[in-house]
Amino acid sequence: MQAQDARKLAVARAALAYVPAGEVIGVGTGSTANFFIDLLKSERIDIAAAVASSQASAARLKAHGFDVLELNDVDALSVYVDGADEFDPRLCLIKGGGAALTREKIVAAASRRFVCIVDESKRVDVLGRFPLPIEVLTMARSYVARELVKLGGHPVYREGVITDNGHQILDVWGLRIDDPISLEARLNQIDGIVCNGLFAHRPADVVLMADATGVHTLLRPDAPA
Ligand code: 5RP
């Protein structure tokens with residue numbers, strides 16, 4: 001196993017400690033989340049069911065024999081476990097590298113605690129090295145791209161990708177995101193944007209980050225206990 005995969009596996013294993021027995025949990029999307037899903041099965045973790053942030057994760061969970069529920073059919077979730085493309089010192093995130101940002105943001109919002117599992121490559125001082133994914137209505141893509149250029153970004157159409165919600169993705173390069181809360185709110189005001197990949201209004205509560213020395217637990221000071 002490659003070192004990066006070993007680190008993803010290590011943080012996925014560490015996240016098991018945050019899973020309350022017998023409850024419905026939120027489960028994210030991506031290669032790190034896949035390690036977590038596989039561990040739920042191999043470690044015989046007792047969950048009632050899962051709400052998945054993508055069709056891919058739902059299929060993986062079902063293949064392992066877990067029940068997958070719609071978010072509409074559950075109350076608030078106690079925990080959501082997912083990866084990220086970047087995180088900053090305040091545990092604000094960029095997500096959406098796997099095009100699942102909209103459902104990820106909704107499931108995170110519906111969860112009391114968001115446990116983010118990453119390897120050290122995702123750590124930055126200022127968000128924006130990773131291009132910011134933005135889900136757009138297909139008919140609005142060019143209009144939204146022009147608006148993003150006005151904000152100083154360089155949007156690139158992610159060709160060939162249609163999200164689980166039937167929309168397209170723009171990846172915005174060149175943004176130095178010093179104030180992620182403000183930029184997230186600003187982007188939410190552009191007509192045609194379905195969702196942007198900044199998770200600042202609802203950041204992670206816990207980041208489990210693996211490097212060569214092991215797994216480190218980073219807590220957001222005002223996060224729920
Ligand atoms: C998917 C995501 C993922 O969490 C993010 O892309 C990280 O993926 P990986 O664990 O494969 O590095 O936001 O939309």
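In β11, L198 is the bridge partner of I94. The structure is a predicted model, in which local features need pLDDT of at least 70, side-chain atom pairs count only at pLDDT 80 or more, and totals for chains, interfaces and linings use all residues. Residues are numbered from 1 along each chain as its sequence is written, and side-chain values use heavy atoms, with hydrogens and water left out.

Strand β5 (residues 93-94) pairs with β11 in the antiparallel sense over two bridges; pairing requires at least two DSSP bridges between two strands. Strands here are DSSP E runs of at least two residues and helices are H or I runs of at least four, numbered from the N terminus. The open antiparallel sheet has three strands in the order β4-β5-β11. Because β4 (86-87) and β11 (198-199) each have a single partner strand, they stand at the edges, and one side of each is left without a neighbour in the sheet.

Just after α2, R44 adopts a positive phi of about 50 degrees.

As for the ligand, an oxygen atom lies 2.7 Å from a polar side-chain atom of K122. The protein covers 91% of the 380 Å² of accessible area (Shrake-Rupley method, 1.4 Å probe) that the ligand has on its own.

Key
Polar contact = N/O pair within 3.5 Å; in protein donor to acceptor, adjacent residues only side chain to side chain.
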